[in-house]
Amino acid sequence: MTALAPGENRPAPSDELTVTVASSAPVDVSALLLNSAGVVRSDADFVFFNQPTGPGVVYRHGNGGPDVVQVRTSALPADVDKVVVTASLDGRGPATFAAVGELTTTIGSASGTLTFPIPRLTTESGVVCVEIYRRGDAWKVRAIGQGYDDGLAGIASAFGVNLDDEPEPPAPAPPPAPPQSPPPAYPQSAPPTYPPSAPTVAFPPGQAAPVPPPYPGTPAQQSPFPSQQGAPPVHSDLFDPSHAEVNGLGIQKQGGKMIKVGLNGEVMARAGSMVAYQGDLQFQALGSGGIGRAIRQHLTGEGVPLMKVTGRGDLFVANSAADVHIIDLDGSDGLTINGANVLAFDSTLRYDIGRVQGAAGYASNAGLFNCVFTGRGRIAITTHGTPVVLTVDQATFADPNAAVAWSSSLQTGIKRNDSFGLGRLMGRSTGEASTLAFTGRGFVIVQPSELPPGGFVGGTGGGQQAGHSGGIFG
């Protein structure tokens, strides 16, 4: 075993190298494939926990031990001159490497092993440990040890990774000219407008509402399932019009615990939330959506595991029978929301992960970080029970575990309610030690539940949930 000093280089001991970083605190190990200009050729050259493979490079989770990056130099593309291996604090331990003890990089192979004890760092939360670089027809290893104060995101940005998530969606195309042939079941149109809920039709006393035939040609007063071999037709209150699917394009409520999306394009939905669909739809898993957002989600525990649904048809979405509510954003203000409560949203909306102002150091269902939605479009959220919507026109306070969403224009803070005295030391408390404070003009949505993080809500932000595991929200 050969130890390297900072800046020292040695021939790579083998074509196949295994790089690990041993530390007293949990760290994420990653790798970036760089061209002759010292930057990635594309975001696909960033190999990390959310994108574990690249040409000649594989990331493997440590499963309780150090993460591993495996490099096969003979499999690297000809226009890749260098592979840098990095380590960054993953948010479960210290905020900087100043509180971390020994940090050692090991480059193992069948032909020998190199080690690099990285010198003590201070304010940094990420570090480039070593680089494996091309020198003529051979490969060499150099000890680096360069720290970055802004962690993995700072390292990725320094080497050319695009941390800006999906670009702004293009303006919707104008509707095409009316077709000459009969229109399809889902006609082309501009993004749907959402009319108010259908008016209630009153019927005279004793007169039942007519049941529309569910299939063309089926008599209105008969069940859709005709009698066979003399058996009576099927009768059930399930065939009441209140259980029929709603009509139209876009996101609409289907009862109180489900939404229907009439699709002729695409929509973003919580991964695993589909309960049924009709038509020609395709499903694409997106994780949290975007490399930058994936990094922030990993560090904050907040985010939405997404799937993109495209095609033409009807999509039905729910999340463990949670109550569903629909909010329309007109672009004048954003919506800050706990990721665990996001069910689906129009692809015209953008979302990011932002810090809750004034809540530093406080963990809650509302969380230190929440999802912030902006733009024009419709979003479906879930709550545990029927919520109240508070108009913030004076100082407003809510339990952090009950606050589901609020206007992004509001200012937030933490109000400490219990004084820290002898009663607290002896276990006497109001049970309302801290509340989220809201000022400005806007609204706050509060659910009638104070489920703690990781309880029935299934995690503080639901970022690692797939919409079908856990408790109330999955």
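## Model and confidence

Local features of this predicted model need pLDDT of at least 70, side-chain atom pairs count only at pLDDT 80 or more, and totals for chains, interfaces and linings use all residues. Numbering runs from 1 along each chain as its sequence is written, and side-chain values use heavy atoms, with hydrogens and water left out.

The average pLDDT (the predictor's confidence in each residue, from 0 to 100) is 75 for the chain. A score of at least 70 is reached by 68% of the residues. Residues 197-225 fall below 50. Beyond near neighbours in sequence, that stretch has 21 contacts (heavy atoms within 4.5 Å) in the model. Residues 452-474 are also below 50, with 74 such contacts.

## Helix H1

H1 spans residues 151-158. Helices here are DSSP runs of H or I, at least four residues, and strands are runs of E, at least two, numbered from the N terminus. Gly151, Leu152, Gly154, Ile155 and Ala156 are its buried residues (under 20% relative accessible area; exposed is over 50%, partly exposed in between; 1.4 Å probe, protein chains only). Just after H1, Gly160 has a positive phi of about 90°.

## Thr104

Thr104 sits in strand E10, residues 103-109. Thr104 counts as buried because its relative accessible area is 12%. Setting aside neighbours within four places in sequence, Thr104 contacts Thr20, Val21, Ala22, Thr115, Phe116 and Pro117.

## Thr386

Thr386 occupies the loop between strands E23 (376-383) and E24 (388-392). Thr386 is exposed, at 64% relative accessible area. Its C-alpha atom is 6.4 Å from that of Gln447, 61 residues apart along the chain. Not counting residues up to four places away in sequence, Thr386 touches Asp323 and Pro448.
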